[in-house]
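This report goes through a structure whose sequence and coordinates are shown below. Please keep both at hand while reading.

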There are 2 protein chains.
Amino acid sequence: MPETTSAQQQLIDFVLEKFGAKAVTVDPGEVAPWTTDWRGRYHGDAPALLSPANTQEVAAIMARADALGVAIVPQGGNTSMVGGATPPPDGSALILSLRRMNSIRSLNPEDNLAVVEAGVILQTLHEAAEAAGRRFPLTLGARGSATVGGLCSTNAGGTQVLRHGTMRALIAGVEAVLPNGEIHNGLSALKKDNRGYDLNQLLIGAEGTLGVITAATLRLRPAIVKRAVAWAGVETPRDALALLRQLEARDAGVESFEIIPGDSLALVLEHIPDTRAPLQDRHPWHVLIEAVSERTDSPDPRAALEAPLAAALETGRIRDAVLAQNEAQADAFWKLRDSLSEAERASGPAVQHDISVPVATMPAFMIDAARAAETRFPGTHATAFGHLGDGNVHFHVRAPEGADRDRWYAEEAPVISRFVNDLVVAADGSISAEHGIGQMKLKELERLAPPTRLHALRAIKRALDPKGICNPGKLVTLAPEA
Amino acid sequence: MPETTSAQQQLIDFVLEKFGAKAVTVDPGEVAPWTTDWRGRYHGDAPALLSPANTQEVAAIMARADALGVAIVPQGGNTSMVGGATPPPDGSALILSLRRMNSIRSLNPEDNLAVVEAGVILQTLHEAAEAAGRRFPLTLGARGSATVGGLCSTNAGGTQVLRHGTMRALIAGVEAVLPNGEIHNGLSALKKDNRGYDLNQLLIGAEGTLGVITAATLRLRPAIVKRAVAWAGVETPRDALALLRQLEARDAGVESFEIIPGDSLALVLEHIPDTRAPLQDRHPWHVLIEAVSERTDSPDPRAALEAPLAAALETGRIRDAVLAQNEAQADAFWKLRDSLSEAERASGPAVQHDISVPVATMPAFMIDAARAAETRFPGTHATAFGHLGDGNVHFHVRAPEGADRDRWYAEEAPVISRFVNDLVVAADGSISAEHGIGQMKLKELERLAPPTRLHALRAIKRALDPKGICNPGKLVTLAPEA
């Protein structure tokens, strides 16, 4: 373990004295779980984990960190997919955990707004909204651990973006502590506010590199009155997108529209217990559709799906379809979707890419990019699944059979990733659709972003965090400018 | 007229030589119309107006301006309400007109996206969308002159924000030339893109102080199938908001919900020809409601309004209501709303404030702030009208009868404005809901913004426009930092 610097020790002593033992963890055994990311890919180190109880404590800590030049890694549920909340391995930063700030300050069903602290876990927010007859319409696999601060800082997505947008669309206000310890209070949920540059928008998705989000005002929706979940088999991604457009034209209340390749489904059926195929025959591609109604007087979502699916069957746009007969079956359909990554892991090494391209070009991209990758890297198997309607898929390339796991990850995977990312850039897409840059994609961002963009990102970072103490080594480095 | 500096002359010569006579206007008579804002409040001066034909020409001009240290004032339709597009009076800046960049590069009804150049006039965009069976759901009084670049740069609002949001919500991509002449191409309409700080969001509403927006990807909506326009009389703003909540709970397709005080309506009836009151009796407050349907199979908006209005009448929440019987009557209702400012101008001097507070607190604010202003400034008459559902009203204070116009504007109005703005800040609101800061509100922003916010705005401005050549004297000054 690296030695604690004198400046770090001064900050630790300051927090201990001002905010008590609850606010400081230095026992290496207790700090350890928070120095490795949840997928075990990034291993960092930190001499301490600081846990402020409120915004004023965060501000005091940041002001002191600024004065001492001590780097800070903000952390919520530690569920980053890109190592965004893992401290550097040299112990040069302290972890600033927001988990103690877990209060829902207010939840107003009349205005459909909730003011929620950074450490509130997504599932807790779901439950609180539900208790008030509302819902927070964003969910993802890590909902039992991911916190509001992290969701805001990464502009998180998930499976309901199609209708409700990413976090950016659901955030009405942001409270944050800037790198110099000043508090930005942007919580007031003004629907119109043109007083200059929108700091809230800048902090959303900044991955804690421009300050620490301490709370957010979030938009709620009416609770779901009824939902319908369907599973369809289709010939091509193009047919799947055409089906989605058909459903949207009728305003069928579609919230999720996930595409799943036939062979990925086969992996789930092979590796995950208690799963069965929703349709009798095998199909090249599948889609999982969820439609909901939010009002008792709205059309029944089941009926809203049934008619267009029947019509699509008749015209041959889809090959087969089934509606879940009850909630248990609906959950079983979703389990297939949610088990895709686990099933793939069980089947061998694979390298994953969270990418987006313009929606209209995604069907062709899914086919062409997979073919290109398989041709360029013989023996690999490339598949794409996920949020077709958002133009966002998880593009995975599996290692050839019999490949040496460690060697393949170390030598082949990075080459494959660069190849896939080049295809994405050529298609006018994004190498990070929803996971962010973190430390995983930092080098690729530097390689692929237009110089104009990199220059602007660095200028902003330098302007707001001149000492580079906020989540160093993530998103963008303060490399010397030309 | 101030003398043209040598650096300015070099830039003018450069543009003339590279891009021809079409790109340069130096005749004072031809430049003059663009040096005064459309309401005639701000008078500037400029030795030349540059009119690039495309993004590359803008980039070349900005690169040269940067090298020469020549300030530039980007201008579209010159319809700013806050002097945001008027050059400084000392002739120290050239005007950069975007009006020649008036092409709609693409309009794709399938994807509901249009890529539109900065100089396209809003009404032209409306017509192009309509021709494709779509609409661009943002409109405002200046639609015949306001351009897309200005609408993006000011995050414009209008009367459909309630359902469709401000420009920010309607912009899927931004192309801009940064102050150093680099082109930021953010046009690709990715629904998910988490590659670091969102430069598009930073440029939206930056009023041309961080660069020149040259084009935008805009979201379209289905064309309106049917609309219904209603007029209701209510006792209080609180009742009006309760009516809106009732309509929203039924998803009645309400796009506009405008509140109008009884005495403002009386001014319209008095001063504007061919106007008549929609309801027989006089009421303390009125609301104008527009509901629309975008699909042939959607509920008829007329029916969707009728039932809740009848119910509200029965419970006494509203005093009276009438539905427009045809399009002519609907237009006549809207004319009353759109004539409010003109009628007020005809009735004497008044000072206007475009302000917002959280929606739930707006009804009380409208009453309390008006009372406070009238008490503090005896003889004045304060009224608020506009976008109640957005928490945004135009708060006007009329001069006492017989007040000396010039003296009142010069001496009383600024004091009144500071008083009103103090009330807005105390109510956690914004002193600029939709018009921006420009030069009109710059001093008030500096007086009222939290130091943290001002510090951050200046840091961002300095980072992206270190020489201060982009729209100097607007939004925020580069005052020396502490």
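## Conventions

This is a predicted model, in which local features need pLDDT of at least 70, side-chain atom pairs count only at pLDDT 80 or more, and totals for chains, interfaces and linings use all residues. Residues are numbered from 1 along each chain as its sequence is written, chains are lettered from A and ligands numbered from 1 in the order in which they are written, and side-chain values use heavy atoms, with hydrogens and water left out.

## Interface of chains A and B

Contact, meaning heavy atoms within 4.5 Å, links 72 residues of chain B with 72 residues of chain A. Between them the two chains bury about 5,500 Å², and 54% of this is on carbon and sulfur atoms; buried area is the accessible area (1.4 Å probe) that two parts lose on being put together, summed over both. In chain B, the residues that lose the most area to chain A are B:Lys192, B:Asn194 and B:Tyr197, which together make up 19% of what that side buries. B:Lys192 also meets A:Glu434 through their side chains in a salt bridge, at 3.0 Å from N to O. The count of salt bridges between chain B and chain A is 10, where a salt bridge is a side-chain nitrogen of Lys or Arg within 4 Å of a carboxyl oxygen of Asp or Glu.

Which helix or strand gives the most to the side of chain B that touches chain A? That is H17(B), with 10 residues.

## An aromatic pair in chain B

Over all chains there are 10 aromatic pairs. Rings of Phe, Tyr and Trp (its six-membered ring) pair if their centres lie within 6.5 Å; planes under 30 degrees apart count as stacked, over 60 as edge-to-face and the rest as tilted. B:Trp408 and B:Tyr409 are edge-to-face, with 5.6 Å centre to centre and 65° between the planes.

B:Trp408 is buried at a relative accessible area of 2%, whereas B:Tyr409 is partly exposed at 31%. Buried means under 20% relative accessible area, exposed over 50%, and partly exposed in between (1.4 Å probe, protein chains only).

## A:Ser145

A:Ser145 sits in the loop between strand E7 (134-135) and helix H5 (148-153) of chain A. A:Ser145 is partly exposed, with a relative accessible area of 37%. Apart from neighbours within four places in sequence, A:Ser145 contacts A:Gly77, A:Thr79 and A:Ile121.

Key
Helix = DSSP H or I, 4+ residues; strand = E, 2+ residues; numbered from the N terminus.
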